[in-house]
Amino acid sequence: MASIPRQNLTHQLTHDLGIAIVSGEYPIGEGLPSEADLCVKYDVSRSSTREAVKMLSAKGLITSRPKQGIRVMPESQWNMFDIDVLHWILSSKPSLSLLKEFTQMRLALEPEAAALAAKSATAEQIEHLGIALQRMKDAELGLEDPLEADILFHANILCSSNNRFFIQMTGFTSTALKVSLRYTNQMKGVNGANVQDHAAIYNAIRMRQPELAKTGMVKIINELLVLIDSRL
């Protein structure tokens, strides 16, 4: 039987400990087991454990100091833009307040990205955005996954902004949307997004109308905020 590479063991331990921390198994401000105890509990080597502790420290979840041990940091110190951290949080039954905060961030980001896309998107980028919209239409007929099509549309808008900072947000936003849209669609009692509203944004970008593109995106995201507020 082939042995599992140490790097894979390190990433698995990082994942397991990350999930345990964000789900509250190891409360904030309290200590984790020592590296030696973690080796025994998770059946991994000391070197893999040490590397996993370093990775979690870099993500802001824990701090590890001589004579003080390993302690869980306050949530305010967690790197929410780290895709692993975000995934762990969203996997452990996210709160409506967290979804609201993410949606508020989208409101500050995506309308401007849509306006920039209307100004600077290339013909190829507009074509890709149109393909994403068509996938949303196909999803209404059961030919595509509605969630994946919706996420693809919003990811394409960020990329079409041609702003390097917005483009860097694509992975983070897509990861969070996988959970956020699923929850809000359930609240609305629908399987997918309103294709007509997304088509209006696409047409505004295609026709180089930044204010219309921005207004259309504000409308979509504000509706989600109202929906979330109604459940809080």
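**Helix packing in a predicted model**

Student: Which residues of α10 and α11 meet?

Tutor: D197, H198, I201, A204 and I205 in α10 meet L212, A213, G216, M217, K219, I220 and E223 in α11. Contact means heavy atoms within 4.5 Å. The model is predicted: local features need pLDDT of at least 70, side-chain atom pairs count only at pLDDT 80 or more, and totals for chains, interfaces and linings use all residues. Residues are numbered from 1 along each chain as its sequence is written, and side-chain values use heavy atoms, with hydrogens and water left out.

Student: What makes the residues of that contact nonpolar, polar or charged?

Tutor: Ala, Val, Leu, Ile, Met, Phe, Trp, Tyr, Cys and Pro count as nonpolar, Asp, Glu, Lys and Arg as charged, and the others, Gly among them, as polar. The contact of α10 with α11 then divides into 7 nonpolar, 2 polar and 3 charged residues.

Student: Why is α10 called roughly antiparallel to α11?

Tutor: The axes of α10 and α11 (residues 210-231) cross at roughly 160 degrees and come within 8 Å. Angles over 145 degrees count as roughly antiparallel, under 35 as roughly parallel, 65 to 115 as roughly perpendicular and the rest as oblique. So α10 is roughly antiparallel to α11. Axes here are lines fitted to C-alpha atoms, for helices over the stretch in contact, and angles run from 0 to 180 degrees between N-to-C directions.

Student: What makes the α6 and α7 pair roughly antiparallel?

Tutor: Helix α6 (residues 123-140) and helix α7 (residues 146-160) pack at about 165 degrees, with axes 8 Å apart. That angle therefore makes α6 roughly antiparallel to α7. Their contact has 11 nonpolar, 4 polar and 3 charged residues.

Student: Why does T170 count as buried?

Tutor: Buried means under 20% relative accessible area, exposed over 50%, and partly exposed in between (1.4 Å probe, protein chains only). T170 has 14% relative accessibility, so T170 counts as buried. T170 lies in α9. Leaving aside residues up to four places away in sequence, T170 touches A155, L158 and C159. A polar atom of the T170 side chain also lies 2.7 Å from the backbone oxygen of I167.

Student: Why is N203 called partly exposed?

Tutor: N203 has 31% relative accessibility, so N203 counts as partly exposed. N203 sits in α10 (residues 195-206). The C-alpha atoms of N203 and A118 are separated by 9.3 Å, though the two are 85 residues apart along the chain.

Student: What makes the pair of N203 and R206 side chains a polar contact?

Tutor: A polar contact is a pair of N or O atoms within 3.5 Å; within protein, one must be able to donate a hydrogen and the other to accept it, and residues adjacent in sequence count only if both atoms are side-chain atoms. The N203 and R206 side chains make such a contact at 3.1 Å.

Student: Which residues of α4 are buried?

Tutor: In α4 (residues 83-91), V85, L86, W88, I89 and L90 are buried. At the start of α4, a side-chain oxygen of D82 reaches to within 2.8 Å of the backbone nitrogen of D84. Just after α4, K93 takes a positive phi of about 55 degrees.

Student: How do you know where these helices begin and end?

Tutor: Helices (H or I, at least four residues) and strands (E, at least two) are DSSP runs, numbered from the N terminus.
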